[in-house]
Amino acid sequence: MTKVRRRNLTILFVMLSISFLLLIIELLIDKKEIKTYEISVITSGKSDESWMLMKEGAEQAATEMNANIRFITLSNDDLLKEQKEVIQREIKNGADGILISPINSKEIGETIDSIQKKIPIVFVESVVDTKNKTSIVTCDNYNLGEKIAQEILKDERDNEKIAIITDNLEKTSSEERYNGFMSIMDKTNNELMIWELDQSKESDYYKQIAQFIRWNSVDIIVTFDTPILETTAQVKKDMMVGNENLKNTRIFGSGNTSKVISFLEDGIVNGSAMQNEFNIGYIGVKRAIGMKIGESQQVDKIESTIITNENMYSKENQRILFLFIR
């Protein structure tokens with residue numbers, strides 16, 4: 001072997017060795033830079049399909065952004081105490097961000113203010129007053145209430161009796177929907193009343209709603225809560241067996257569960273405002289991780305659509321419904 005050839009082989013070997021070392025270093029650096037984020041999602045005590053859709057959205061974002069999602073569903077015993085305890089526990093367990101549907105409480109606002117410098121907080125579905133700004137991902141609740149009222153008024157009837165069933169108007173999402181609804185209805189001659197359910201007897205809601213309907217003759221029933229909408233529709237369906245006049249009582253509300261869609265098909269529910277909870281979960285996780293890496297707080301409003309028995313079979317609305325019944 002000539003000296004020239006031996007020198008060339010040596011140079012080639014050295015270059016290959018350097019390239020191999022650089023590749024190893026690059027791989028180690030990339031591996032070191034991969035961060036797995038721990039995101040906690042704290043929901044209210046009502047576990048329904050809407051929250052499952054939000055969970056799917058959160059999990060999709062987690063897959064894309066290398067995050068682990070921990071879901072915590074609160075009981076209904078003492079939401080204020082439990083929500084505060086869970087927030088502190090999740091921080092102690094190393095959460096990098098928290099998505100939460102807060103109850104409307106000054107104490108929760110103070111708790112969140114005290115921890116926002118430690119960890120990003122994203123409000124979903126409902127919000128609470130805080131001194132510091134935070135990201136919010138929620139339906140445009142005021143507009144949702146307006147849309148329900150506008151849908152009712154399409155029939156161009158007047159002097160109707162309208163009952164609003166609620167169990168918690170202090171929750172900001174319900175309060176905003178109610179305010180949006182009333183901003184339209186206050187300009188009409190309709191008679192409005194509120195049927196307030198006893199929250200301490202939530203398992204008894206079916207019986208409470210049945211009594212309201214039995215004791216009061218109303219033309220329209222409205223609720224801004226999905227589980228209450230499902231229960232009200234079931235009560236109407238069951239009571240129609242012995243009282244066909246109930247067919248004329250129209251029900252409007254908010255919800256996109258398979259039960260609500262089925263009641264729409266059967267004409268038990270006349271209209272329901274549907275929002276994309278998948279997007280709320282998806283955007284919420286992205287906002288939490290974004291704040292963790294230094295991005296600014298943002299407010300995202302998710303639009304709602306009124307689905308009725310008459311329009312649910314349109315191509316546009318079928319695409320919307322497909323998201324919820326897939």
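A: Let us begin with a single residue pair in this predicted model. I100 has F123 as its bridge partner in β4.

Q: How many bridges join β3 to β4?

A: Strands of a sheet pair through backbone hydrogen bonds, in either a parallel or an antiparallel sense. Here, three bridges join β3, residues 97–100, to β4, residues 121–124, and the two strands run parallel.

Q: In what order do the strands of the open sheet stand?

A: The open sheet has six strands in the order β2-β1-β3-β4-β5-β11, with parallel pairing. β2 (67–73) and β11 (299–302) stand at the edges with a single partner strand each, so one side of each lacks a neighbour in the sheet. From one strand to the next, the twist averages 15 degrees.

Q: Which strands does helix α2 lie across?

A: Helix α2, formed by residues 49–65, lies across β1 (37–43), β2 and β4. Relative to β2, helix α2 runs at about 160 degrees.

Q: Why is β6 described as largely enclosed by the rest of the structure?

A: A residue counts as buried under 20% relative accessible area. Five of the six residues of β6 (residues 161–166) are buried, and the strand is therefore largely enclosed by the rest of the structure.

Notes
Residues are numbered from 1 along each chain as its sequence is written. This is a predicted model: local features need pLDDT of at least 70, side-chain atom pairs count only at pLDDT 80 or more; totals for chains, interfaces and linings use all residues. Side-chain values use heavy atoms; hydrogens and water are left out. Two strands pair if DSSP finds at least two bridges between them. Helices (H or I, at least four residues) and strands (E, at least two) are DSSP runs, numbered from the N terminus. Axes are lines fitted to C-alpha atoms, for helices over the stretch in contact, and angles run from 0 to 180 degrees between N-to-C directions. Contact means heavy atoms within 4.5 Å. Buried means under 20% relative accessible area, exposed over 50%, partly exposed in between (1.4 Å probe, protein chains only).
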